[in-house]
Amino acid sequence: MLHARSGCWNESLAVLKINRRSLLTSALGATAAVLCARPAYWDTRAGSIQQSIEDAYRAKRGSISIPAGTYRIPAMASAGSHLSFHDLANFEIDARGVHFVFTDVTRGGIEFVNCRNVRLHGATVSYEIPPFTQGTVESIAPDRTWFTLRIDTGYPANFDDARYFPSAPMGCSFDAKTRRLKSGVYDISAAKVERLDGSLFRLYGKGPVSVGDLAAFRGSGHHNITLIDCGQMDIRDVTIYNSGMFGVLESGGEGRNHYSVTIKRGPPPSGAKTDPLYSTSADGFHSARVRNGPTLDNCSFEGMPDDGIAIHGVYSLVLKAAGDRLVINKSSYRAGDPLLLFDVAGSPAGEAVVTAVAPMPDFTSARQSQRRTVANATAGPYSEIVLDRKVEAGFDYLCSNPSALGSGYVLRNNTIQNHRARGMLLKAHNGLVEGNTIDGSSISGMVLAPELWWNEACYSRNVTIRNNTVRNLPSNPRSYGAVVIAAVSDRVVPGYGHQHIVFENNRIEGVNGVNLLITSAEDVTIGNNRFIDADQTPRASAGAAWGEDPGALIYIAESRAVRIKGNTVSSLGPANRCLVETASTVTEVQSDWI
């Protein structure tokens, strides 16, 4: 248990009010100063907050209470983040009324490494300069090979600086009147950025639709809050603005971490005349390779240029197989962990239990994977794992570790709205998703699906999705549906990787096209859901190449043992052709709608 607050703040902190000129020149440098004007904050000596928290912990005080106020935090030369805490346990950081302002967008915000049972609560955290930029489209080439962008006053104009922005930046188009993502379009993908004057740039590549559109682009920053190899952490009543990458990242560790976080667009930077279009530069919350899944309750996320909540593990590629032994890369296994095996198509190919793991630093492989992936799928490090039985496997098979997926997650009473991509992207077992509202996600509201090309595992088992609302999703050429429980590459993946899924008492409202897609699954219950105001206008389907019918309210393929009962539909639009459509690969369907 955490101790009560002891009021042990280091009273020797020198808090100095500094003027804007010294803040601009000495703290961030004259070059950065011309990019975005900064307000005059209260400042602290570099490292004083870090040192005071560490001193309180070493003194075994159990907690520290930071006086309310705005603290401008310089990056530490010795760490990758502005505040970095290692090996804390059973400790509380009470930051009610505290605003941490981070000064260097190339460094992380707050980082916890190998910490246990630490509570951070009440803080607001942000970057001083937005780690993204935005502006208005002034012209588009007749052949649409380039467009020009005028950066909004007050936002970073170092768009061509590789230290802060990718050389091939990715962005989103926004409607100039509503300032919401434009419907019917996907990403802006630029291959080259060329400066024309101080705030005008020409971008070459796939661009926006119309002159006058607004556009925002991600920077190359870092996460506002990072947990590495931690367990039983409690991040509560924390507000995040202007995140350089994910709002919150947890990676590895025992997990069972709890979050109650608000991520939203921050106030405009000094000198700006427009509000921010983004709140982060990537996902709101991202969980990777954690052994026990997170609990997120009463979170509120908006304005991200990527997924709201993402939970996943990683796939290991099989380099060599013989009987009960596999040589794999990117191992997350311990003795006793289960192993799920998948063939070259991504279909389930067997299960086993790991009995031993040994590193293989001298192993090399000249073979190249035939998989289309974002990175070299055969890269190490390599390990040999011993299983409790023989398996049929070969080169280019994949395996996943259900004990390192973030399984056991709970997502309850969260709101995710007005952002790019998926509201929730879930790839783990034993999950509960209830009481959430997803409004305006640009691709899909909820997706349970492995991403083989992205190397993110895995299929879902034993997941209950109930009492949620998904509504007002814009048309998007990459969307398979409002709610997706599937496995798709160029086609639907055969086999039944998803198992034991309950989708009940949910409300899907104001969505055109497929409202619920089920593929590659068995033992699925779809019960007592309400579909409201669906299919008012026709909508293209991302799955048209493999037969997905955008005129079907529910579309099912490569599945068995699916039960559909007690669902209702109201105000169904003229674009709907049927309530349920099943492909020839579906068996054992029980439905009161067919």
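Mentor: Let's start with burial: a residue is buried under 20% relative accessible area, exposed over 50% and partly exposed in between (1.4 Å probe, protein chains only). This is a predicted model, in which local features need pLDDT of at least 70 and side-chain atom pairs pLDDT 80 or more, while totals for chains, interfaces and linings use all residues. Residues are numbered from 1 along each chain as its sequence is written, and side-chain values use heavy atoms, leaving out hydrogens and water.

Trainee: Is aspartate 94 buried or exposed?

Mentor: Aspartate 94 is buried, because its relative accessible area is 2%.

Trainee: Which side chain does aspartate 94 meet in a salt bridge?

Mentor: Side chains of opposite charge can pair when their charged atoms come close. The rule here is a Lys or Arg side-chain nitrogen within 4 Å of an Asp or Glu carboxyl oxygen. Aspartate 94 meets arginine 96, with 2.7 Å from N to O. Arginine 96 is partly exposed, because its relative accessibility is 44%.

Trainee: How many salt bridges are there by this rule?

Mentor: The count comes to 34. Another one of them joins aspartate 324 to arginine 325, whose closest N and O atoms are 3.9 Å apart. Aspartate 324 has a relative accessible area of 28%, so it counts as partly exposed. Arginine 325 is also partly exposed, at 38%.

Trainee: Which residue meets lysine 427 in a salt bridge?

Mentor: That is glutamate 451, at 2.6 Å from N to O. Lysine 427 and glutamate 451 are both buried.

Trainee: How many aromatic pairs does the whole structure hold?

Mentor: A search finds 17. Phe, Tyr or Trp rings (for Trp, the six-membered one) pair with centres within 6.5 Å; planes under 30 degrees apart are stacked, over 60 edge-to-face, the rest tilted. Phenylalanine 102 and tyrosine 127 are edge-to-face, at 5.6 Å centre to centre with 65° between the planes. Phenylalanine 102 belongs to strand β7 (residues 98-102) and tyrosine 127 to strand β10 (residues 124-127), so this pair ties together parts 25 residues apart in sequence. Both residues are buried.

Trainee: Why is the pair of phenylalanine 159 and phenylalanine 201 called edge-to-face?

Mentor: It is called that because the ring planes stand at 80°, with the centres 5.6 Å apart. This pair links distant parts of the chain, 42 residues apart: phenylalanine 159 sits in the loop between β12 (146-151) and β13 (170-174), and phenylalanine 201 in strand β15 (residues 200-206). Phenylalanine 159 counts as buried because its relative accessibility is 1%, and phenylalanine 201 because its value is 0%. Together with Phe165 and Phe217, these two form one aromatic cluster.

Trainee: How many disulfides does the structure hold?

Mentor: The structure holds 0 disulfides, going by cysteine sulfur atoms within 2.5 Å of each other. Take cysteine 115: its nearest cysteine sulfur belongs to cysteine 230 and is 4.7 Å away. Cysteine 115 is buried, because its relative accessibility is 0%. Cysteine 172 is buried too, with a relative accessible area of 4%.

Terms used. Helix = DSSP H or I, 4+ residues; strand = E, 2+ residues; numbered from the N terminus.
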